[in-house]
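Colleague: I have not looked at this one before. Please walk me through it, starting wherever you like.

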Amino acid sequence: MHVGRWPFDEKPLLVFWETTKACLLVCKHCRAKAIREPLPGELDTREGKRLIEMVAEFGRPYPILVFTGGDPLMRKDVWELLEYAKSLGLRVGLAPSITPLLTPENIKRIARVVDAVSISLDAPSPAIHDAIRGYEGIWGKTIEVIKRFIEEGVRVQVNTVVLRETAPHLADMAKLLVDLGVKTWEVFYLVPVGRANLELMPTPSEFEDVSHFLYEASKYGILVRTTEGPMFRRVAWTRRALEEKGLDPDEVLKPGPLYQKLVARLRELLGEPRGQPLAQTVGTRDGKGIIFIGYDGRVYPSGFMEYHVGSIREKSLKEIYQEHPLLRKIRAAEFKGRCGLCEFRDICGGSRARAYHVTGDPLGEDPACPYQPGEYTKLAEKLSLPLNPPLKPVPRQQKE
């Protein structure tokens, strides 16, 4: 089934399983606050297999099951669990940490059982990345691992976190990914959870500039997706609509100085764009198309939203996903503040995790988004732009 027609009310597209909290790294923005040893209460092998069966119970086409952590390779039974998931016909992803456990032998072993791996790479040079990940020399090892996986024929997704210190280097990151032959770039808009804090977060205008830049970066043969940055879809939709009308998005939308610097650097490094934009605008968000199972079986709308919606030790994952009241409201886009008024509330909807951790309300507005609802609608009426998929903005009196 085409992702754009995925039955989000019935099943998630992505199921993330935090297989363990254990990890050898000490990343300063770590969502999981990972530690060296697994915590008590971790799902055992039998329970892990039952979770895998629960994912299969959603039926074909199956959700993608992503083994994450911590570091999944810290589990002694990870190979048994991966093989079991594949035996049931599931599509499997793996998010390993770059540690001594990721040996050439294990890379070959991973290549035989997973469909894709996601590797974190936050900067185009060692200094910033190594400081973020907590170990000197890890940048070089990460580059080596990416090359090895590509040589083994594994689809590699590179994950990059947008912090105040990484945002200025995103153009150089794009160049590095093109040089490495990486085809998918997942860019994470920071949520202040775990070890992360508000001081690490860019401003809303900087996040907006990053979204404009990523759309341009996607014209160089890289599929660009975002985690906790659904406003990227609004920006991508608007820029594409303007381009199809023969208009220059920069002239109409006037992105800020960070965008100007990044796109100038991008053109300097890679020349003029070579293809159509590969900006993914599928309307998933925390709790809509995405679900997260913690190390102890507790279920959350995403790994960045510490709002407990059930436990697979008590209910099936299918029942939790389909029936929990909060998840139903999220999928229905029943938001408050600007997110509830916005004509992009379906394909965007804001980061539910960031709304929750900053405002305390999982249905509140995303504080990282500067957009004022109705701006696109006015622009569309003025320039005869398409109004679909954006919805009509909700009149303010209707929401009050």
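Colleague: Where does G70 lie?

Modeller: G70 lies in the loop between β2 and α2. Helices here are DSSP runs of H or I with at least four residues, strands are runs of E with at least two, and both are numbered from the N terminus. This is a predicted model, in which local features need pLDDT of at least 70 and side-chain atom pairs count only at pLDDT 80 or more, while totals for chains, interfaces and linings use all residues. Residues are numbered from 1 along each chain as its sequence is written, and side-chain values use heavy atoms, with hydrogens and water left out.

Colleague: Fine. What kind of peptide bond joins G69 and G70?

Modeller: The bond between G69 and G70 is cis, and its omega is about 20°. Another cis bond runs from R60 to P61, with omega near -10°. P61 sits in the loop between α1 (45-56) and β2 (64-68). For background, most peptide bonds are trans, and most residues other than glycine have a negative phi.

Colleague: What phi does E228 have, positive or negative?

Modeller: Positive: E228 has a phi of about 55° although it is not a glycine. E228 belongs to the loop between β7 (223-227) and α8. Because its relative accessibility is 8%, E228 counts as buried; buried means under 20% relative accessible area, exposed over 50%, and partly exposed in between (1.4 Å probe, protein chains only).

Colleague: And A333, what is its phi?

Modeller: A333 is not a glycine, yet its phi is positive at about 60°. A333 lies in the loop between α12 and α13. With 9% relative accessibility, A333 counts as buried.

Colleague: Back up a bit. How many helices and strands does the protein have?

Modeller: There are 16 helices and 11 strands. Of the 400 residues, 56% count as buried. The C-alpha trace spans about 60 × 45 × 40 Å along its principal axes.

Colleague: Among contacts between residues at least 6 apart in sequence, what share joins residues at least 24 apart?

Modeller: The share is 73%. Contact means heavy atoms within 4.5 Å.

Colleague: Let's do helix packing. At what angle do α2 and α3 pack?

Modeller: Helix α2 (residues 78-87) and helix α3 (residues 104-113) pack at about 20°, with their axes 10 Å apart. The axes are lines fitted to C-alpha atoms, for helices over the stretch in contact, and angles run from 0 to 180 degrees between N-to-C directions. So α2 and α3 are roughly parallel to each other, a term for angles under 35 degrees.

Colleague: Which residues in α2 and α3 meet?

Modeller: From α2 they are W79, L82, E83 and K86, and from α3 they are N106, R109, I110 and V113. By class, this contact of α2 with α3 has 4 nonpolar, 1 polar and 3 charged residues. Ala, Val, Leu, Ile, Met, Phe, Trp, Tyr, Cys and Pro count as nonpolar, Asp, Glu, Lys and Arg as charged, and the others, Gly among them, as polar.

Colleague: How far apart in space are E199 and K86?

Modeller: They are 41 Å apart, C-alpha to C-alpha, and 113 residues apart in sequence. E199 is in the loop between β6 and α7 (204-217). E199 counts as exposed because its relative accessibility is 67%.

Colleague: Next pair. At what angle do the axes of α6 and α10 cross?

Modeller: The axes of helix α6 (residues 170-180) and helix α10 (residues 257-270) cross at roughly 30° and come within 8 Å. That makes α6 roughly parallel to α10. In α6, L170, A171, D172, A174, K175 and V178 meet L262, R265, L266, L269 and L270 in α10. The contact of α6 with α10 has 8 nonpolar, no polar and 3 charged residues.

Colleague: New topic. Is R234 buried or exposed?

Modeller: R234 counts as buried, at 4% relative accessibility. R234 is part of helix α8 (residues 231-244). Leaving aside neighbours within four places in sequence, R234 is in contact with E208, F344, C369 and Y371.

Colleague: Last one. Which residues of α14 are buried?

Modeller: In helix α14 (residues 352-359) the buried residues are R352, A353, R354 and A355. What covers them includes β6 (184-189), α8, β8 (285-286), α12 (325-331) and α13 (337-341). Just after α14, G360 takes a positive phi of about 85°.

Note on methods: Angles under 35 degrees count as roughly parallel, over 145 as roughly antiparallel, 65 to 115 as roughly perpendicular and the rest as oblique.
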